[in-house]
Amino acid sequence: MVSKRYVVKRLLLLVPVLFGVASLVFAILHLSPGDPARLIVGQRAPASQVEAVRESLGLNDPLYVQYGRFLLDAAQFEFGESYKVSQGNPVRQVITTRFPVTIELALYGQAIGIMLGIPLGVLSAVKQDSLTDHLTRIGALTGISVPIYWSGPLLILLFSAYLGLFPAGSRIGSTIFLPDTWSLFGKELPLTGIILLDTLLLGRLDAWLSAVHHMFLPSVTIGVYSMALISRMMRSSMLEVIRQDYIRTARAKGQGTKITVLKHGFRNAFIPVVTVIGIQFGTLLGGAVLTETVFGIGGVGTTLVEAISDSDYPVVQGIVLTFALLFTLVNLGVDLTYSYLDPRIQQ
């Protein structure tokens, strides 16, 4: 059982982390070259018009005033309006529209990594130095070594161009159109933006199958790296556990190998893997940015790249801080799971 004191302590530690990230983002953006006002009005606009836009955006205020205003707005999750990427629209709207796409992709990758990586890691450890172990280790090393921007195009070439099994891009068939809302007990509710969930909420089996078909390759692309890392971590952790005295004692009492490993070894071996899964989620969010680009899926990662290129400060700040908040929350969940599995950590 996780104590309330430990949870409160971990929540309070989030504050300096988010403050540090916000300060770093603000500093980097304001030290980088480029004038957002010039980008908004265009390169041929007169200087007076540029100056008017700078004044309206508060860019002529002292830096510490801008910094204080930014922190105050960030605390309310209010980042103003987009300068360029989605000009005139609130950044919060831009994030809520596109963030589910990236989250969906990262979740699928994480799910593939956990579902395949853990069993493969356990199997590899139990059958150490066997053919199964060697094949698993080679596969894990390959998965870690191949970057997403290379594995993605390779999978497209093999499964889309040559075999024709899966589409090379998009999240759903081009002939399928979904409404903006779904009905629950006669009340219209907005869709979540997560394509597989939305098609289920709408009761569109054909659309769901199309979404599964389209999301398979992007999910595998991002999931391979996760699977490789988890399986390697699970193998090394399990190898350490199964050499402990209590495991040998259980085996000496006549307990079967499967029961010994699953009942006595798995829980202890899983603790370090939980930490890796949490840390890796941030990596998957970064990987989702590359995967979106390779497969032409318009998520928040693509938007972030556009915003950086266009010096769209509010969008960059909003997206980076949202990433940071999500990453810290995931790690909070990992810490709580970690302390649940091993209560000594709370001491």
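Q: What makes isoleucine 148 count as buried?
A: Isoleucine 148 has a relative accessibility of 13%. Buried means under 20% relative accessible area, exposed means over 50%, and partly exposed lies in between (1.4 Å probe, protein chains only). At 13%, isoleucine 148 therefore counts as buried. The residue lies in helix H7 (residues 148-162), and its C-alpha atom is separated by 18 Å from that of arginine 232, 84 residues apart along the chain.

Q: On what kind of model do these values rest, and which residues count towards local features and totals?
A: The model is predicted: local features need pLDDT of at least 70 and side-chain atom pairs count only at pLDDT 80 or more, whereas totals for chains, interfaces and linings use all residues. Residues are numbered from 1 along each chain as its sequence is written, and side-chain values use heavy atoms, with hydrogens and water left out.

Q: How many helices and strands does the protein chain have, and what defines them?
A: The protein chain has 13 helices and 2 strands. Helices (H or I, at least four residues) and strands (E, at least two) are DSSP runs, numbered from the N terminus. The C-alpha trace spans about 85 × 55 × 50 Å along its principal axes. Of the 347 residues, 40% are buried.

Q: Why are H5 and H6 called oblique to each other?
A: Two packed helices are described by the angle between their axes and the distance between the axes. Axes are lines fitted to C-alpha atoms, for helices over the stretch in contact, and angles run from 0 to 180 degrees between N-to-C directions. The axes of helix H5 (residues 91-126) and helix H6 (residues 131-145) cross at roughly 135 degrees and come within 8 Å. Angles under 35 degrees count as roughly parallel, over 145 as roughly antiparallel, 65 to 115 as roughly perpendicular, and the rest as oblique. H5 and H6 are therefore oblique.

Q: Which residues of H5 and H6 meet, and how do they divide by type?
A: Contact means heavy atoms within 4.5 Å. Leu120, Leu123 and Ser124 of H5 meet Thr132, Asp133, Thr136 and Arg137 of H6. These residues divide into 2 nonpolar, 3 polar and 2 charged. In this scheme Ala, Val, Leu, Ile, Met, Phe, Trp, Tyr, Cys and Pro are nonpolar, Asp, Glu, Lys and Arg are charged, and the others, Gly among them, are polar.

Q: What makes H12 oblique to H13?
A: Helix H12 (residues 300-309) and H13 pack at about 140 degrees, with their axes 9 Å apart. That angle makes H12 oblique to H13. The contact joins Val300, Thr303, Leu304, Ala307 and Ile308 of H12 to Val315, Val316, Ile319, Val320 and Phe323 of H13. By type, the contact residues are 9 nonpolar, 1 polar and no charged.

Q: Why is the pair of phenylalanine 77 and phenylalanine 79 called edge-to-face?
A: A pair of aromatic rings is described by the distance of the centres and the angle of the planes. Rings of Phe, Tyr and Trp (its six-membered ring) pair if their centres lie within 6.5 Å; planes under 30 degrees apart count as stacked, over 60 as edge-to-face and the rest as tilted. The structure holds 7 such pairs. Phenylalanine 77 and phenylalanine 79 lie 5.3 Å centre to centre with 75 degrees between the planes, an edge-to-face pair. Phenylalanine 77 is partly exposed at 28%, whereas phenylalanine 79 is buried at 8%.

Q: What makes the pair of phenylalanine 266 and phenylalanine 270 stacked?
A: The planes of phenylalanine 266 and phenylalanine 270 are 15 degrees apart, with 5.3 Å centre to centre, and the pair is stacked. Both residues lie in helix H11 (residues 257-295), 4 residues apart, about one turn of the helix. Phenylalanine 266 counts as partly exposed at 26% relative accessibility, and phenylalanine 270 counts as buried at 18%.

Q: How do you know whether glutamine 317 is buried or exposed?
A: The relative accessibility of glutamine 317 is 8%, so glutamine 317 counts as buried. Its place is in helix H13 (residues 313-341). Not counting residues up to four places away in sequence, glutamine 317 touches Val25, Phe26, Leu29, His30, Phe70 and Phe79.
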